[in-house]
Amino acid sequence: MPYRSLREEELRLRLGWFVKIRWIFVAGFSAAALFARSVLGLGFPLVPVLCALASILVYNTAFFLYQRARRRRRAGPNLVRRRVEAHLQIDLDLLHLTALIHLLGGVESPFLSFYLFHAIIGSMLLSRLEVLVVGVVSLLLCSAVVTFEYLGLLPHHGLVGLFAAGAHRDPLVLLVVGCAFTVMLLATIAMSSTIVASLHQREKELVAVREALGTKSEALERANQALREHQESMIRTEKLASLGELSAGIAHEINNPIQFIQGNMQILREAMQDLLPILDGAHRENSALTIARLDYPFFKQQIGVLIDDMAGGAARIRDIVKDLKTFARRDEGRLSEDVDLNEIVRSSLRLLHNRLKHYQVREELDPELPHIEGNASRLEQVIINTLVNAMEATGSDGGRIGIRSSVEREAGEVRVSVADNGHGISEEVKRRIFDPFFTTKSRAGGSGLGLTISYAIAQEHGGRIDLESEQGSGAIFHLVLPVKRALT
Ligand SMILES: Nc1ncnc2c1ncn2[C@@H]1O[C@H](COP(=O)(O)OP(=O)(O)O)[C@@H](O)[C@H]1O
Ligand SMILES: [Mg+2]
């Protein structure tokens, strides 16, 4: 909350508080006046005093209703209105106080000290200059009453019993009371406004400290976030490294058996072709023939499907092994070719042409894209992976895919962005998307290695893959790579 509205809030609270004090003052004063008149027998005009109190009651009610209406309307902060209200409250109070002082003894009145009370109130609500004006107005009003009474222009209502008669006409009394009153008033104003000013200064410092703290904690939060991202990236790198070691071994071990499974599968298929006529003959002779506990007709119908399933499974294992081998061999290739990413995008689109023709593809390549240093075929693999994922996420019916290349000269980076209007990526998936073997397409044959490999390739080029997506609203993958030579 800025300092101005803090001031406004404080004014609002104090103005409400003064309305409450005025209720108490009017009630107490009325009771005291009735008591002084009827029990103590003091000789002041009761009815005019009660009228003055009633008048205070009226304007206090008006302020009360005004404040309540503002609260109900939830009116926004308005410092100017608050200050006008503060002035009105103080001015009306001063007028009524002067009237009460006149009715209750003039220069002899013990209520003269109430002016001091208003000086204090003024210091809380107004600026130093304004309080000084309040002090001067108090002095003028008070002097006017005393002078008019002295000159006989106003009647003097002595508090019979408290003061000697005629004191209001004694110049010495007037001088002493006047001097004492002026000094006290000025001293009160100086003291209270100094205290209030120093309080405001403290408040300003507090606000400044609070703002500084806010900025610091934002910076801390940002640093924390950067640290978390760095940590995640380290964990990822670690996982990739161990996967690299593991996969080299696994790929080698699995590769040989899978090759002979695939080779033998072909032999098995051909063997079945030859065996079926013989089995048909046997079945004709023995209609109850069963093979592997299956009735022969059912076996004959199913065996082709079983062999196809096995061949499909073996092919999938072979693909995964191929991915793993590529992954393990990552470090072997040259990373120093001069690469035009636009050319790579075009060749990836050509390679995938057969599948992509079912989608609306938008290509937006920056002709000024600087070349980078790297390994063209691996970067092509990244782009193909991303395009395949985009196709799989959208489905050909109404699927839209955009591919764009751009340069960020200030950051010294080029990027290839692949966007789709597919099902998008949830926060949960986002957290694990680059993890090895993480896939949401296990039924459709996903290996969960595409993005792991892509990320590793981006990293070995000194780059990264950024991802923007929300569940249900498509996704954008940015392959971001550094430009080696300084850009002009
Ligand atoms: N464009 C995309 N839109 C939505 N999800 C995606 C997209 N690309 C990747 N994914 C999610 O990331 C997972 C991992 O992708 P990837 O590593 O290529 O493995 P795979 O494609 O074999 O599942 C996918 O299973 C999919 O859930
Ligand atoms: Mg994939």
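Predicted model: local features only at pLDDT ≥ 70, side-chain atom pairs only at ≥ 80, totals over all residues.
Q: Into which domains is the protein chain divided, and what separates the centres of domain 1 and domain 2?
A: The chain is divided into domain 1, covering 3–169, domain 2, covering 235–332, and domain 3, covering 337–482. Taken over C-alpha atoms, the centres of domain 1 and domain 2 are separated by 102 Å.

Q: What is the order of the strands in the open sheet?
A: The order is β4-β6-β7-β9-β8, so written for an open sheet of five strands whose pairing is mixed. Because β4 (360–364) and β8 stand at the edges with a single partner strand each, one side of each is left without a neighbour in the sheet. From one strand to the next, the twist averages 15°.

Q: How many bridges join β8 to β9, and in which sense do these strands run?
A: Strand β8, residues 464–469, runs antiparallel to strand β9, residues 475–482, and six bridges join the two. Reading along the pairing residue by residue, serine 469 has alanine 475 of β9 as its bridge partner, glutamate 468 has isoleucine 476, and leucine 467 stands opposite phenylalanine 477.

Q: What lies between the strands in the hairpin of β8 and β9?
A: Five residues lie between the strands of this hairpin, and glycine 472 takes a positive phi near 90°.

Q: How many bridges does β9 form with β7?
A: Strand β7, which spans residues 413–420, pairs with β9 over eight bridges, in the antiparallel sense. Here aspartate 420 stands opposite alanine 475 in β9, and alanine 475 is also the bridge partner of serine 469.

Q: What describes two packed helices?
A: Two packed helices are described by the angle between their axes together with the distance between those axes. In this model, the axes of α10 (residues 376–394) and α12 (residues 450–460) come within 9 Å and cross at roughly 145°, and the crossing is left-handed.

Q: Which residues meet where α10 and α12 are in contact?
A: From α10 come Arg378, Leu379, Gln381, Val382, Asn385, Thr386 and Asn389, and these meet Gly450, Leu451, Ser454, Ile457 and Ala458 of α12. Sorted by class, the residues of this contact divide into five nonpolar, six polar and one charged.

Q: Which residues come nearest to ligand 1, and which helix gives the most to its shell?
A: Of the 22 residues around ligand 1, those that come nearest are Asn389, Ala393, Thr439, Gly446 and Gly450. Both α10 and α12 supply at least two residues each to this shell, while α10 gives the most, with four residues. Asn389 and Gly450 also belong to the contact of α10 with α12.

Q: How does the shell around ligand 1 divide by class?
A: The shell has nine nonpolar, 11 polar and two charged residues.

Conventions: Residues numbered from 1 in each chain as written. Chains lettered and ligands numbered in written order. Pairing = 2+ DSSP bridges. Domains from an automatic or database assignment. Axes fitted to C-alpha atoms, helices over the stretch in contact; angles between N-to-C directions. Left-handed = near helix turned anticlockwise from the far one by under 90°. Contact = placed C-beta atoms within 7 Å. Nonpolar A, V, L, I, M, F, W, Y, C, P; charged D, E, K, R; others polar. Near = placed C-beta within 6 Å.
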